[in-house]
There are 2 protein chains.
Amino acid sequence: MKRRERRSRRRDTGSARGVPAVIPIINKLPFTEVLDDNGVQAIHQASMRLLKETGILVIDYPPALETFRKHGAKVDGEMVWIDEDTLMHFVQQAPATFSQLARNPTNTLTIGGRNTIFAPVYGPPFVADLDRGRREATLQDFHNFAKLTQMTPYLHAAGGTLVEPQDIPVAERHLDMLLAHITLTDKAFMGSVTSADNARDSVTMAQILFGADAIRQTPAVLGLINASSPLRFDDRMLGALEVYARAGQAAIITPFIIAGAMSPVTMAATLAQQNAEALFGICYAQMLNPGTPVIYGSFLANIDMRSGAPCFGTPENTLALYAGAQLARYYNLPYRSGGNFTASRIPDAQAGYESASTLWPTVQAGTNYVLHAAGWLEGGLISGYEKFVLDSEMLGIMARYVQGISLEEDDFAWDAFAEVGPGNHFLGSAHTMRHYETAFYQHQVFSMDNYEKWEEEGKEDSYKKANAVWKQMLKNYQAPPIDPAVAEALNAFVEHRRAEIRAGKPRSDWPG
Amino acid sequence: MKRRERRSRRRDTGSARGVPAVIPIINKLPFTEVLDDNGVQAIHQASMRLLKETGILVIDYPPALETFRKHGAKVDGEMVWIDEDTLMHFVQQAPATFSQLARNPTNTLTIGGRNTIFAPVYGPPFVADLDRGRREATLQDFHNFAKLTQMTPYLHAAGGTLVEPQDIPVAERHLDMLLAHITLTDKAFMGSVTSADNARDSVTMAQILFGADAIRQTPAVLGLINASSPLRFDDRMLGALEVYARAGQAAIITPFIIAGAMSPVTMAATLAQQNAEALFGICYAQMLNPGTPVIYGSFLANIDMRSGAPCFGTPENTLALYAGAQLARYYNLPYRSGGNFTASRIPDAQAGYESASTLWPTVQAGTNYVLHAAGWLEGGLISGYEKFVLDSEMLGIMARYVQGISLEEDDFAWDAFAEVGPGNHFLGSAHTMRHYETAFYQHQVFSMDNYEKWEEEGKEDSYKKANAVWKQMLKNYQAPPIDPAVAEALNAFVEHRRAEIRAGKPRSDWPG
């Protein structure tokens, strides 16, 4: 193990140079569960009762009311009630597993089954780093996080609203974000859900990139559709969902719940409500277009009863995360939940404890799609540069964990025991030499240095250490090549739509 | 929810005033497993082959060689080989569950089954805090950590060598540590294992405290017996184990393994070796005194192949921790492993991620006895004051997690759904008022404050926040009352032994 050899090996496989290949996660381990079959049944039954007796409020969107009425639900005003048989008839039409196209075909995703997809943080209006603290996010920040995502082998998807670029007008923001995802990364991306027209723009850009036939065959856009909990959906989200469903694109249907405020304080009721909302949205997508690929989503935190603030990494959240996975499996649907959550405002110890307390259950639950896997701070209000890098270390740890313990003949190291014998060390044994390169996960950011070395090198905490890492990653970033004609067509579309939006004109169809 | 009411409630149940009652952990959830039955069998078989063919080296302790020979093992020089039938005959005599006496009877422990016992960090020569950095530990530090342990409701046991008090001569250190445990806490404590005489002193002090008959009936001392891996035990540890076993006291038998150095680099071989070593020690205790209460121990980290440093919270360690629990269950023995491990030198984000990455598996594995549950830094070289407090927050989270999801009728909150209805919030509902006090885990150290409040209050990270907490806990500390006659007898014994040790005299029996 010469030092120079090790260094160069690290460079080849790590993120120090070039764009590392994405490392897929296929979980070989048994999933952790917290409910028995009766528990799953009890929550299912409670959801069915909520949907049939309490009902769902659909606001400002008559087309959805009409669709539900037409397919057998009871509708009165903006309220919809649906019975188990009708609901399950549609829910069962959703696929258990589906693919999402990526510009780099090796990054095309399989969503469902034993696959876990990690995607970066979604939605923060702020960014923060060690040098400049917290500030409003800009398009430049969006570009930076897109580049960091591209450079991180443990992030499988490009994500969506990495930050809200507040220097761009709200009405045209989605165009710049989509263009950034498509040109700065070659990973599968998420579409806009802020209006039906923005969803249409997302589909059009995917058509330009992949071709209309290709994305009709296999979805290229994934939309994050949130319920407006409790027991409510609005026109914006249902409108976007309708566009995606009719275009054969995919959607995550996620009740967004801070338990105790948007749901009862008890987890059983919260899970029943979450389940009712998710299935209602999934049912709607299937009514619009049977077979629409959907993900059963959960975003579930709980309120701090003292201050009213949302809490993350709590025992209640963990239990609900596992139970949600069990429910999604019960319906044979892919599951979205979790991430690297924290309430902390900087990557301090609390952020580490809370993030790991969410990420471990996320992976052990068998979650299929994980938004917010890197960068999340302050309950999702901040995309943190250093946090992104620290979270990514944990994603690397997970990629290794899910492989389980190998029990091949050579793994039992009989030659090493014979060679080394009792009382001696195994460092130089032939077995060690055969395996040391791949034996253990090698950290990229966390430091194993002892106190003396650490002191000598300036007593950097991991916040400081991560600061240097993201800067280096941005320096090393290389844009994935793109067909210039495609890039030109995308730019042309974006400028066309930007002009329409600025002129206040209605959206016109794009000939592409 | 008036603010004043909430505050006073917090004071009554939290650690702000008085000595809080210990909160037991009985895990209601299914345990997470990473091996199937064949995997457990494969590792068991490999261990049997190691014990039969490779053998265990027993250094400088002829009495153990004689004991093994007498009970059917093959002995040659200092090597011992034992076959499966002989070994398992003795291993099966160890109890699946046992009790350990505590001075406060409500703190008497049940070790085994679905119980998880948390005990503080064990063994560091250094302490560290935010104010003074790292320094050599003193008896004053030992006293401080004993007091913090007493004040933490989520620590069930007083532990052992909380720090190595380096201002006390090595030969008499154990006396001061035992006296501190017995007088400053009323929780079950660990005995000295640094020599057979020190183990005898531990037993004598337990006899003074509880009475000789009582501790013969139910063990009061727990000794941490480490193998000198690989495949080796030494006279110090076997001598102490012999004292405890003959006195009917309990022992944790722990192979101490940094995989890649003290074991092969592959986890299958490492687990087989760990299993062989643990069972060998357990077998020895049963040969000495059938029925001796023992805990199947695992301390398993892995080496950083780049630097040679030990790594914590790695995927390999996590997998091995789960597999170890499965093996202990296979033999129907209580399991010790895990803690709040980190390689970091201060409680930074890395420390948080790594600690939570060890603690979650520790609990989800169903670990019965958890040393190092609070305070561990720098791979166990430092007892950290702030780390102790931060880790304890995580222990509180675990105490809640293991309760699972309650599925009683009222947990489904039918009245709340009827009262609140779609689109409204649940904060003031009657159901919320009935449950809010106990609904969610309430944090003691982690802060849920938003950025603005946090900035206004001085931008304290959790390191800083924890600094204030441990100081307040020491201020609030109250010594548990002790019978003055017992305290006097303990002091008399300690001074008697101290005089013998200083005079270089052999240990004399204590008449008490």
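Tutor: A:Arg246 is partly exposed, with a relative accessible area of 44%; buried means under 20%, exposed over 50% and partly exposed in between, using a 1.4 Å probe and protein chains only. This is a predicted model, in which local features need pLDDT of at least 70 and side-chain atom pairs pLDDT 80 or more, while totals for chains, interfaces and linings use all residues. Residues are numbered from 1 along each chain as its sequence is written, chains are lettered from A and ligands numbered from 1 in the order in which they are written, and side-chain values use heavy atoms, without hydrogens and water.

The partner of A:Arg246 is A:Glu242, and their side chains form a salt bridge of 3.2 Å, N to O (a side-chain nitrogen of Lys or Arg within 4 Å of a carboxyl oxygen of Asp or Glu). A:Glu242 is buried, at 13% relative accessible area. Helices here are DSSP runs of H or I with at least four residues, numbered from the N terminus.

Helix α13 (residues 385–401) of chain A holds another pair four residues apart, A:Asp391 and A:Lys387. Their salt bridge has its closest N and O atoms 3.0 Å apart, and both residues are buried.

A:Arg434 and A:Asp415 also meet in a salt bridge, at 3.0 Å from N to O. A:Arg434 is in helix α15 (residues 430–439) and A:Asp415 in helix α14 (residues 414–420), both of chain A, so this pair ties together parts 19 residues apart in sequence. Both ends are partly exposed: A:Arg434 has a relative accessible area of 45%, and A:Asp415 has 30%. Elsewhere, shared partners link A:Glu172, A:Asp176, A:Glu495, A:Arg498 and A:Arg502 into one network of salt bridges.

Over all chains the structure holds 50 salt bridges, and the count between chain A and chain B is four. B:Glu316 forms a salt bridge with A:Arg400, with the closest N and O atoms 3.5 Å apart. Helix α12 (residues 349–364) of chain A gives the most to the side of chain A that touches chain B, with ten residues.

The contact (heavy atoms within 4.5 Å) takes 115 residues from chain A and 115 residues from chain B.

Conventions:
Helix = DSSP H or I, 4+ residues; strand = E, 2+ residues; numbered from the N terminus.
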